[in-house]
Amino acid sequence: MFRGKRITVVIPCYNEEEGVRTVIEQMPPIVDEILVVDNASTDRTAEVARELGARVVHESRKGYGRAYRTGFEKARGDIIVTMDGDGTYPPNSIPLLLTVLLEEKVDFMTARRWRSKNDNSKSPLRLLGNAILSSVTMVLYRRFLIDSQSGMWVFRRDILQKIDPQSDGMALSQELKILAFTHPDIVCLEMPIYYGERVGESKLNLWRDGFGNLWHLFSMRFTLRSRQRAMTQITPLTPVAREEESVEEPRARQAP
């Protein structure tokens with residue numbers, strides 16, 4: 001619990017038994033719920049996460065976005081924090097990000113990867129790809145986003161009813177930001193963070209995912225306004241009956 005708000009951290013995982021251990025072990029005590037979405041892993045990811053006190057949800061439909069959308073549906077917190085299960089995003093930055101979110105009355109925050117604390121830069125190809133995608137995002141949507149591909153976000157759960165992200169793949173990251181930053185009633189902010197070294201093997205296909213996200217940016221530009229108009233006409237959804245979840249319940253995680 002943090003200032004009266006329940007905090008859920010959503011972590012999508014596919015074969016991340018090494019990385020998810022690193023992430024969960026660094027989680028600050030203000031986090032009420034660690035929700036690991038096991039995206040059809042074939043290793044011990046779910047078992048390791050459960051042993052460390054996380055709540056595990058199985059999602060058999062593969063995809064980065066699909067796993068996150070399932071996590072958003074199952075999350076119980078008032079505020080959702082996201083991070084990959086590979087150790088690249090710093091759990092110890094959560095208290096600072098939450099403080100800024102609440103003090104500044106922000107609804108959606110995305111973490112900008114500033115630099116590695118170990119001074120180990122990402123590959124030039126990754127940096128170039130991120131720069132191109134972020135530049136195209138700024139040109140097409142007229143929003144200043146330096147790191148449009150960051151996978152660490154902090155947001156109030158109730159904004160999901162206003163934006164309804166739909167991507168099942170890697171494009172979910174940029175889609176979520178675009179929908180939030182262009183929504184007239186959602187206050188957004190980009191905050192710098194340190195990032196760490198990846199634990200385990202990367203699942204990212206740089207060329208396929210990079211061009212896929214580029215195509216998504218252009219196609220979404222033509223549908224954004226119609227989606228926003230449609231969302232204003234939709235009655236907010238009622239919470240999902242949590243008793244029906246296909247969830248392996250965790251050991252209770254203690255709030256401070």
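A nonpolar surface patch is a group of nonpolar side chains joined within 5 Å, drawn from residues with over 30% relative accessible area and no salt bridge. The exercises below apply this and related terms to a predicted model.

**Exercise 1. Determine which residues make the nonpolar surface patch, and which helix gives the most to it.**

Solution. Step 1: the patch is made by Leu 125, Leu 204, Leu 206, Trp 207 and Phe 211, and it covers about 490 Å². Step 2: helix 8, residues 206-232, gives the most, with three residues. Step 3: Trp 207 lies in helix 8. The relative accessible area of Trp 207 is 56%, and exposed means over 50%; Trp 207 is therefore classed as exposed.

**Exercise 2. Classify Asp 107 as buried or exposed, and state where it lies.**

Solution. Step 1: Asp 107 is placed in the loop between helix 4 (94-103) and strand 5 (108-116). Step 2: its relative accessible area is 15%. Because buried means under 20%, Asp 107 is buried. Step 3: not counting residues up to four places away in sequence, Asp 107 touches Leu 101, Val 154, Phe 155, Arg 156, Ile 159, Asp 185, Ile 186 and Val 187.

**Exercise 3. Describe the two faces of strand 6 and its pairing with strand 4.**

Solution. Step 1: strand 6 comprises residues 153-156, with Trp 153 and Phe 155 on one side and Val 154 and Arg 156 on the other. Step 3: strand 4 (residues 79-82) runs antiparallel to strand 6 and is joined to it by three bridges. Step 4: within this pair, Phe 155 stands opposite Ile 80.

**Exercise 4. Identify the residues that touch the most other members of the largest nonpolar core, and the element that gives the most to this core.**

Solution. Step 1: the core has 35 residues, of which Ile 11, Met 27, Val 36, Met 83, Ile 94 and Met 152 touch the most other members. Step 2: several elements each supply at least two residues, including strand 1 (7-13), helix 1 (17-25), strand 2 (33-38) and strand 7 (188-195). Step 3: helix 4 gives the most, with six residues. Step 4: leaving aside neighbours within four places in sequence, Met 152 has contacts that include Val 81, Met 83, Tyr 89, Ile 94, Leu 97 and Ile 193. Step 5: another core, of 32 residues, lies apart from the largest one; Val 10, Val 37, Leu 140 and Leu 145 are among its members.

Technical notes
Residues numbered from 1 in each chain as written. Predicted model: local features only at pLDDT ≥ 70, side-chain atom pairs only at ≥ 80, totals over all residues. Heavy atoms only, no water. Buried < 20%, exposed > 50% of the residue type's maximum accessible area, 1.4 Å probe, protein only. Helix = DSSP H or I, 4+ residues; strand = E, 2+ residues; numbered from the N terminus. Pairing = 2+ DSSP bridges. Contact = heavy atoms within 4.5 Å. Patch = residues over 30% accessible without salt bridge, like charges linked within 9 Å, V, L, I, M, F, W, Y side chains within 5 Å. Areas by Shrake-Rupley, 256 points an atom, 1.4 Å probe, with all protein chains shown as cover. Salt bridge = Lys/Arg side-chain N within 4 Å of Asp/Glu carboxyl O. Core = buried A, V, L, I, M, F, W, Y, C linked by side-chain atoms within 4.5 Å.
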